[in-house]
Amino acid sequence: MGAEAAGQVLAPPKATNGVPELAPASDSAARMLRFLRQYAREFLNTRLMDERRALPPALVSDFAEAGLFGMVVPKQYQGQELSSVDMTRVFIQLGAIDANLAILCAVHNTLGTLPIALFANDEVKRNVVPRAARGQILTTSAISEAGIGTHVRGLTTHATKHADGSYTINGSKKWISLGGDARYVNVFAKVQDERGKALGITALLVDNRTPGFNIGPEMLTLGLRAVPQYDLTFTDLRVPPSALLGVEGEGFSVCKAAFMAGRVVLAATSMGAAMRSLEVAQRFATRREVATGRLSENGRIRQIFADAGAAIQAIETLVFRIGTWRDAGQVVPDAWYFCAKILGCELAWRTVDTALQMLAARGFLDTNIVGQHFRDYRLFRIFEGSTEAITVYLGAIMARNPEAFAAMVYERTSAPQVLDLVDQVTQIMAKRAGDTAGRHVHAAVVGELVCWTLMAAVTSGIANNSAMHAYTASWVERQLRDRLRSAHQDLYIGDLPTTEEFADHIAGYRGMIGDIDQKRWPGEEWRVDPLLRR
């Protein structure tokens, strides 16, 4: 895995066919791709997985045999040790097939196993990582809590470090993918010593067989129903000194290693779904006759399809560039990962929405592939940081040093049409708002501009590859210019109502719609009868 810390960036590789010169897929990756395509054709029923909220019983062992649970694991620990580019290829394929399968593999490989492989001590690695790579156990991370969202510093889960180096964990986590199924969970908690001295946020590896590990109810989600989310509660849960991942008090480093890799994976997975959805929509359009002829020949439909194709090709260019840089051992600044998460997931889901719209009434049928993609991939705009939250965070960070941002773009492109826009972006970065609300809005505008500038930088070199590549480069540049034109209007919040004024406005809805909270919903009884309990 490549480095993630900020630092000097080397020149990008030469682009061919819209992406950097990519080496052929390794034998391991090629085998996985063949397996997944055959498995999708001959064994999967995604509709049943969705309805039953469960994976087929044989799927985990089948995926384990194919090596899909050891993608990031070094060969010395019986993993596949895929390159970043190869892993991107595999997740694009998974995303095109089913979001549940993609999330199963993404959570286990990046959020679960990767931090253990990078930060656990040697003994723990020898004991846990090979079993995870073989799919004998599943892994995940537990960071989210009900009241903190992406504000990791607001963690309430805490651990006390004892004199013997062990830790006792108390607290709860929410919305944990694989939380009820993973044998090992990377738990992030605020640590203090027995005298109450704060030691910082720390990552601790927890075996779910440990007393005090409690699995709460499964969340009934809109999509991704076969890979459920769980609540976890830790009550006086004691772990040994060997549970420590990385350095005590430096849990952010562990978190970052998992999340940065995971953000590119989410973009690649979303892109696979967008490709599949647009493929289905285009297939329909070439067969559907309308008043003007074939739907695919209608000028407006052609434009919509071209824009959707450009969005997909832009994501493709970005994720493979990042993968190539990582495989070359280059330092990839964090902004690129945020760009992948923000634009990758946003543009891909918009493409799925476009495909659903193009299918018209057929798109509204939940059995026609795209409908399930519409539900499943909606989460990706929230997963591992919502678009709005991380856009504001990115914008706030970048606005502190506009010169560094400009230098980062100049390192990646020499296209004059892009460089001419960088100065405009840095000028907006330099603006300062007087109040808190204004600063938040300014950061959001800057964050979005940063993402589109980076996307323009990587797509500017592909224009000569084909007619579609030229359209993609032009389309991305137009998106950046459009956002620059609207930036000044977006920054104006002079007539923004106060929080209290808006709350009063919403309270007025009750006069129109009444009190309709459902208070007497009987539901289902799952508890064991008291007379039958031990």
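Reader: What makes β4 and β5 a hairpin, and which residue in the turn has a positive phi?

Author: In this predicted model, β4 and β5 form a hairpin with 5 residues between them. G165 sits in that turn, with a positive phi of about 90°.

Reader: How do you know that β4 and β5 pair, and in which sense?

Author: The cut-off for pairing is at least two bridges. Strand β4 (residues 158-161) and strand β5 (residues 167-177) have 4 bridges between them, so they count as paired, in the antiparallel sense. K161 stands opposite Y167 in β5.

Reader: How do you know what span to expect for α6, and what do its end C-alpha atoms give?

Author: The expected span is 1.5 Å times one less than the number of residues. Helix α6 (residues 122-133) has 12 residues and should therefore span 16 Å; its end C-alpha atoms are 16 Å apart, which agrees.

Reader: Which elements do the buried residues of α6 pack against?

Author: They pack against α5 (99-119), β3 (139-142), β6 and β7 (198-207). Among those buried residues are V124, V128 and V129, along with K125 and R131.

Reader: Which residues of α15 are buried, and what do they pack against?

Author: The buried residues of α15 include W475, V476, L480, L484 and L491, as well as E477 and R483. The buried residues pack against α8 (299-327), α9 (334-358), α13 (416-430) and α14 (436-459).

Reader: Are C339 and C345 buried or exposed?

Author: Buried means under 20% relative accessible area. C339 has 0%, so it is buried, and C345, with 1%, is therefore buried too.

Reader: Why is E384 called buried, and what is its phi?

Author: Its relative accessibility is 10%, under the 20% cut-off, so E384 counts as buried. E384 lies in the loop between α10 and α11, and its phi is near 55°, a positive value in a residue other than glycine. Most residues other than glycine have a negative phi.

Reader: How do you know whether Q78 is buried, exposed or partly exposed?

Author: Q78 has a relative accessible area of 45%, which falls between the 20% and 50% limits, so it is partly exposed. Its place is in the loop between α3 (59-65) and α4 (84-97). The phi of Q78 is near 70°, a positive value in a residue other than glycine.

Reader: Why is R378 called partly exposed, and what does it touch?

Author: At 29%, the relative accessible area of R378 lies between those limits, so the residue is partly exposed. R378 is in the loop between α10 (370-376) and α11 (387-399). Not counting residues up to four places away in sequence, R378 touches W349 and H373.

Reader: And what makes N214 partly exposed?

Author: Its relative accessible area is 35%, so N214 falls in the partly exposed class. N214 lies in strand β8 (residues 213-219). Leaving out residues up to four places away in sequence, N214 touches D231, L232, T233 and T235.

Reader: Which members of the largest nonpolar core touch the most other members?

Author: Of its 167 residues, those are F63, L68, M71, L94 and F405. The largest share of this core, 19 residues, comes from helix α7 (residues 251-287). Leaving aside neighbours within four places in sequence, F63 is in contact with residues including F35, Y39, L94 and C105.

Notes:
Residues are numbered from 1 along each chain as its sequence is written. This is a predicted model: local features need pLDDT of at least 70, side-chain atom pairs count only at pLDDT 80 or more; totals for chains, interfaces and linings use all residues. Side-chain values use heavy atoms; hydrogens and water are left out. Helices (H or I, at least four residues) and strands (E, at least two) are DSSP runs, numbered from the N terminus. Buried means under 20% relative accessible area, exposed over 50%, partly exposed in between (1.4 Å probe, protein chains only). Contact means heavy atoms within 4.5 Å. A nonpolar core is a set of buried Ala, Val, Leu, Ile, Met, Phe, Trp, Tyr and Cys residues joined through side-chain atoms within 4.5 Å.
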